[in-house]
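Here are my notes from going through this model, written as points you can check against the coordinates.

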Amino acid sequence: MTRKLDLSGCWNDVMQLFRTHRELLLSVAGVFILLPGLAFAMFVPPPQSPPDADLTTIYANMQSFYQGNFGWIILIGLLNGFATIVMLVLMLDPSRPSVSEAMRRAFSIILPYYAMGVLSGVLTFLGSLAFILPGIYIFVKLIVAGPVMVAERAHTIIAPMRRSWALTKNNSGRILIFLLVVAVTAFFVYITSVTVFGIVIRLALDGEIAGTLVTLVDAVISMLLTVLMVCVYAGIYRKLAGPGPEDIAREFS
């Protein structure tokens, strides 16, 4: 029997997950998301185009940038993915592991997790070729495959995807609405925060110091929103899968 996703309850669960595991989540994100992203932003110059450049020139510059930094971009993506697995273990593993224990477990499942992510991405892309909507549907149906792999110790590629497909039955629309609300809100928070802090910093300081602080603010806000989205995926899974034994025990304690 599938559960109807309670959107307000899901958001409350997301916030509870963040508050309960805040210190551990931020420590993991700081090392594997913030520092690599900050280093890349500070030491790799962004693509530059003249103000009067046409779209062809801008595209060529962007293509050259990604080709020249492909290895670093892949490395940062792998580190971010590893951080996601560790955070999911910290939130969903009933044994309440330490960060080091969560990292060891994350490392043990990193290959099937990445393989599942690649397969999910390919399926979503292929679905998007058919007028976008099938791709969105596939993305939503597989949204909790990662949490399933971690929480239910389904360390294969297909089993978590099948389980995610079953858990999201009759909830695709609700999940999509929830994700859109969170994503749009997060986008406006990001744009507003970076813009406001950037203006204040550049008015107060000059030169490279201002640019460095703006980059730091951008990286910190991006990290916080990444942690939020991982909590969202974990919260959706918890609501769809139902309370675990530790949640039931807490209710009656």
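1. Ground rules. This is a predicted model, where local features need pLDDT of at least 70 and side-chain atom pairs count only at pLDDT 80 or more, while totals for chains, interfaces and linings use all residues. Residues are numbered from 1 along each chain as its sequence is written, and side-chain values use heavy atoms, with hydrogens and water left out.

2. The largest pocket. Its volume comes to about 570 Å³. A pocket here is an open set of points on a 1 Å grid over the protein atoms alone, where a 1.4 Å probe fits, with protein on both sides within 12 Å along at least five of seven lines; lining residues have an atom within 4 Å of a point. Volume is the space filled by probe spheres set on the points, which are joined across faces, edges and corners. There are 24 lining residues, and Tyr113, Phe139, Leu142, Ile143 and Tyr233 lie nearest the centre.

3. Who builds that lining? Elements giving two or more residues to the largest pocket are helix 3 (70-92), helix 5 (110-128), helix 6 (133-141), helix 7 (145-151), helix 9 (172-204) and helix 10 (207-241). Helices are DSSP runs (H or I, at least four residues), numbered from the N terminus. Helix 5 has the largest share, with eight residues. By class, the lining has 18 nonpolar, six polar and no charged residues. For the classes, Ala, Val, Leu, Ile, Met, Phe, Trp, Tyr, Cys and Pro count as nonpolar, Asp, Glu, Lys and Arg as charged, and the others, Gly among them, as polar.

4. The second largest pocket. This one holds about 460 Å³ of space. It is lined by 18 residues, with Gly37, Ala41, Asp218, Ala219 and Ser222 closest to the centre. Helix 1 (7-43), helix 3 and helix 10 each bring at least two lining residues.

5. The core. The largest nonpolar core has 58 residues, and those touching the most other members are Ile85, Met87, Leu88, Met91, Ile175, Val232 and Ile236. Helix 10 gives the largest share, 14 residues. Such a core is a set of buried Ala, Val, Leu, Ile, Met, Phe, Trp, Tyr and Cys residues joined through side-chain atoms within 4.5 Å; buried means under 20% relative accessible area, exposed over 50%, and partly exposed in between (1.4 Å probe, protein chains only). Beyond its neighbours within four places in sequence, Ile236 is in contact (heavy atoms within 4.5 Å) with Cys10, Val144, Ile175, Phe178 and Leu179.

6. Positive phi. Most residues other than glycine have a negative phi. Arg153, in the loop between helix 7 and helix 8 (158-167), has a positive phi of about 50°. Asn170, in the loop between helix 8 and helix 9, sits near 65°. Asn170 counts as exposed because its relative accessibility is 52%.

7. Ser172. This helix 9 residue is buried, with 16% relative accessible area. Leaving aside neighbours within four places in sequence, Ser172 is in contact with Tyr137, Val140 and Lys141.

8. Cysteines. Searching the whole structure gives zero disulfides (cysteine sulfur pairs within 2.5 Å). Cys10 is buried at 0% relative accessibility, and Cys231 is buried at 1%.
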